[in-house]
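Here's a predicted model to dig into, question by question. Take a look first, then we'll go through it.

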Amino acid sequence: MRRIPIRRSTTHTQVDPDPEAEQRILDGLNDKQREAVTTTEGPVMIIAGPGSGKTRALTHRIAYLLAAGKAQPRDILALTFTNKAANEMQERVEALVGDDARGMWVGTFHSSFARLLRMEGDKIGYSEDFSIYDTADSKRLIRQQMKGRNLDTDVVKPRSVQRMISSAKNEMIDPQEYAELARGDQQEIVAEVYPAYERALKQANALDFDDLLLKPIELFEQHEDVLEKYQTRWQYVHIDEYQDTNQAQYVLARKLSARHKNLCVVGDDAQSIYAFRGADITNILNFDNDYPDATTIRLERNYRSTENIIRLADSIIEENDDQIEKSLWTDNAEGEYVALMEALSEKDEAQKIERRVRDLHLRDGMEYGDFAVLYRTNAQSRAIEEALRKENVPYRVIGGTSFYERKEIKDVLAYLKLLVNPNDTASLQRVINYPTRGIGDKTQARLQRYAQQHSLSLWQAVERVEEIETLGTRAERAVGKFRRLIARYASKAGTGSVPADELARDLIQDAGLLSELRKEHTRENLQRWENVQELISALAEYVESTEDATISTFLQEVALMTDQDEAEEGDDKVTLMTLHAAKGTEFPVVFVAGLEEGLFPLEQATQEKAELEEERRLFYVGVTRAEERLYLSWARSRYRYGEQTSNTRSRFLEEVDSDVVRTEAGGELEQQTDRFSAEEGPSADYDEMDPHYYRQDLSGDGGATGSSDGLRRIESTDGGGGRRVVYDEGHGEIVPGAQVEHQKFGRGKVQSLEGEGDKATAVVFFGSDVGNKKLKLKYANLRVIG
Ligand SMILES: Nc1ncnc2c1ncn2[C@@H]1O[C@H](COP(=O)(O)OP(=O)(O)OP(=O)(O)O)[C@@H](O)[C@H]1O
Ligand SMILES: [Mg+2]
């Protein structure tokens, strides 16, 4: 079932000072982190590399403020990058203070300020039920405005206009200023459409994504008292991933912390990857200047990755010129070499990834949930999905054709949006004649013209259909029928007499959506029908689990979901996502796929140094998600845009520190051709993979201890602090130093042991030809020979 982030109740709770909790919170940190946590007053910037515990420090800081009695939950604002990260933060804080910490505002910028606008937006002319427009909705509105002005949408595409308006908004350039600055035909057109688009949004009681940040600024500027209220309330303001804030976010942070001056930002300039969406790296670079009394704290110890992964990451980012000097060290083990995988095609690449996943799963007992496959473009997921599906490896894809972007889902959502906000023109246009109900293009154009002439919203024109003389009786009747349908359900939704999910179910039935999907018995239609059912289930679950749930709050949650939030939690699946979506996450095993010139870095980004550096930072973000193992892969040929392209390795691969990289065994590419073109299926040569990329010098000595319960317990030190390894007698005398025999690899000597029960593994050295192998004892069938 779809997971909708649960809306936090606004109930305020009190947290009493708790010295024990305070100690516990500080115990889980190193000195630098402790400094970050206890420097509670004044502006603080924590700047540090990936995996150094920035997010952890931020979370502990909030918990510390509560436990030390410096703040109550309601005094705290924390802004994160995804709703998922926000939920995690909320949960961890609660776990740390051992109490519920409701009343904190923890969320993304967009969801926090959407919430604020629901509460205060009436002061600048938005009713509480405003709609949030995504890019597609915005484009629809822009197209309509262009058509109304006889602007050729083939010459300048609504999509480009939408992008240009969005960039302008990101830089806080309003329509008037834009008109003054506009140069050249294209900008002149945008200058004409921009103010019309703004008016149309307002008329639709709708806000686009950029507005969710701009309107609060407008609100704060026009209503000093509202700003003061929140400035006073939020004594402590926190921002994670500060390197990716844009101008509007910068202004909001500044305004909100102006009174108490307790602004704590956390970030890493080397991980700034959203300049293309208006993020402004100078926000973090200039923090010291903007807040002259700021304390800057640097964290230097990486807790996440092996030494080899960090070495590789360092060698990547070194190539960039513009960055704050940082050093990163780790106490973690050296770890495996970073593996370079060369493939013939995207299909071959996908198969190789799938094999590695299964290999590590079966042999090393890694869970499927331990793996992430990262790529530059969404389209790359297809081949990987196919390979995984073929071998029944469970996976999830984050982002891409996200559930909530599917046509049938957007149709249902548009109906629901209309109930809440009938003036929502984009939604109305979407469903007014879907399913077909005799309100064709001509009728719609007439309604539209009438609306424009009388300065009405499209819905208001629908309401006055009887007065529109240009419409024939048939059209009038059809529009009238539709109006009654929407009005009936809108009033039901308004009274709240019927549970939201029930109402939605009845509405889509009455609107003819379900029968439309059942009309033709195709697989696609069946899938769509199921998706619609799933949406209703998600709504039902949301209603059940959320206080004060309404269709309106549900729609808001859906509109503000970020790619990462859609992931269903708790199940053991390989995660597939773009490098952008991977920010802030970590996985034991990471694959970065498609390292080819033109794809990563993207062709378009290779001309300008600044863009190339952003691609490189994206690569840096990708590799630093890995905890234990990292695979880099590229394919000699690949289908892109319907054509077979022939590729060379990415320049990024030439730049990395080759000392920590090993090309995967499997011989020359020619040999690989033989291997993979054979019809034997991927599992056939499963056993003979890659003896070379395991490190020879995996340390680990240990000894056996007897015990009274009859089980033999074997302790091994694994470099990470002497974990106890326990398994039963069934495996024989498998202790470090024992001679064993494996069916395939022959004789070897046990080097070290790790894990427990079914997950117990041994590293065995099988001589210099085969090298070290890490084997899962449950499957390895090792025979002890001495
Ligand atoms: N003092 C610590 N002791 C033990 N583990 C830690 C400590 N600090 C951080 N960690 C662990 O290290 C990992 C990385 O931490 P975290 O995600 O906070 O890093 P980050 O700096 O935010 O990384 P990124 O830049 O990728 O967002 C996490 O698993 C975290 O729990
Ligand atoms: Mg982080």
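Q: What mean pLDDT does the chain have?
A: This is a predicted model, so local features need pLDDT of at least 70 and side-chain atom pairs count only at pLDDT 80 or more, while totals for chains, interfaces and linings use all residues. Residues are numbered from 1 along each chain as its sequence is written, and chains are lettered from A and ligands numbered from 1 in the order in which they are written. The model scores ipTM 0.99 and pTM 0.77. With pLDDT being the predictor's confidence in each residue on a scale from 0 to 100, 88% of the residues reach 70 or more and the chain mean is 85.

Q: How many contacts does the stretch with pLDDT below 50 have beyond near neighbours in sequence?
A: The stretch to watch is residues 667-731, where pLDDT is below 50. Two residues are in contact if their C-beta atoms, placed from the backbone, lie within 7 Å. Beyond near neighbours in sequence, the count for this stretch in the model is 107.

Q: On E25, which residues point the other way from Thr761, Val763 and Phe765?
A: In a regular strand the side chains alternate between the two faces of the sheet. Opposite the face with Thr761, Val763 and Phe765 sit Ala762 and Val764.

Q: Which residue of E26 stands opposite Phe765?
A: E25 has another antiparallel partner in strand E26 (residues 772-776), joined to E25 by five bridges. Across from Phe765 you'll find Asn772.

Q: Which residues come nearest to ligand 1?
A: The shell counts residues whose C-beta atom, placed from the backbone, lies within 6 Å of the ligand. Its makeup is four nonpolar, nine polar and five charged residues, with Ala, Val, Leu, Ile, Met, Phe, Trp, Tyr, Cys and Pro as nonpolar, Asp, Glu, Lys and Arg as charged, and the others, Gly among them, as polar. Helix H3 (residues 54-67) gives the largest share, three residues. Of the 18 residues around ligand 1, the nearest are Gly53, Lys54, Thr55, Arg56 and Tyr303.

Q: Is Gly51, part of the annotated "binding site", buried or exposed?
A: UniProt, in an unreviewed entry, puts that annotation on Ala48, Gly49, Pro50, Gly51, Ser52, Gly53, Lys54 and Thr55; UniProt positions use the numbering given here, feature names are shortened, and annotations may be inferred rather than shown by experiment. Gly51 is in the loop between E1 and H3, and beyond four places in sequence it touches Asn302, Tyr303, Arg304, Ser305, Glu586 and Thr624. Because Gly51 has 26 C-beta neighbours inside 10 Å, it counts as buried.

Q: How far apart in space are Leu58 and Ile239, C-alpha to C-alpha?
A: Leu58 belongs to helix H3 and is buried, with 25 other C-beta atoms within 10 Å. Its contacts beyond four places in sequence are His238, Asp240, Cys264 and Val266. Leu58 and Ile239 are 181 residues apart in sequence, yet their distance in space is 8.4 Å.

Q: Which residue of E16 stands opposite Leu340?
A: Six of the six residues of strand E11 (residues 338-343) are buried, so the rest of the structure largely encloses E11. E11 runs parallel to strand E19 (residues 661-663), with three bridges, and to strand E16 (residues 626-635), with five. In E16, the residue opposite Leu340 is Leu632.

Q: How many residues of helix H26 are buried?
A: The buried residues of H26 pack against several elements, including helix H5 (109-120), helix H22 (473-495) and helix H25 (523-545). H26 spans residues 551-559 and is largely enclosed by the rest of the structure, because its buried count, out of nine, is nine.

Key: Helices (H or I, at least four residues) and strands (E, at least two) are DSSP runs, numbered from the N terminus. A residue is buried if 20 or more other C-beta atoms lie within 10 Å of its own, exposed if 12 or fewer, and partly exposed in between; C-beta atoms are placed from the backbone. Two strands pair if DSSP finds at least two bridges between them.
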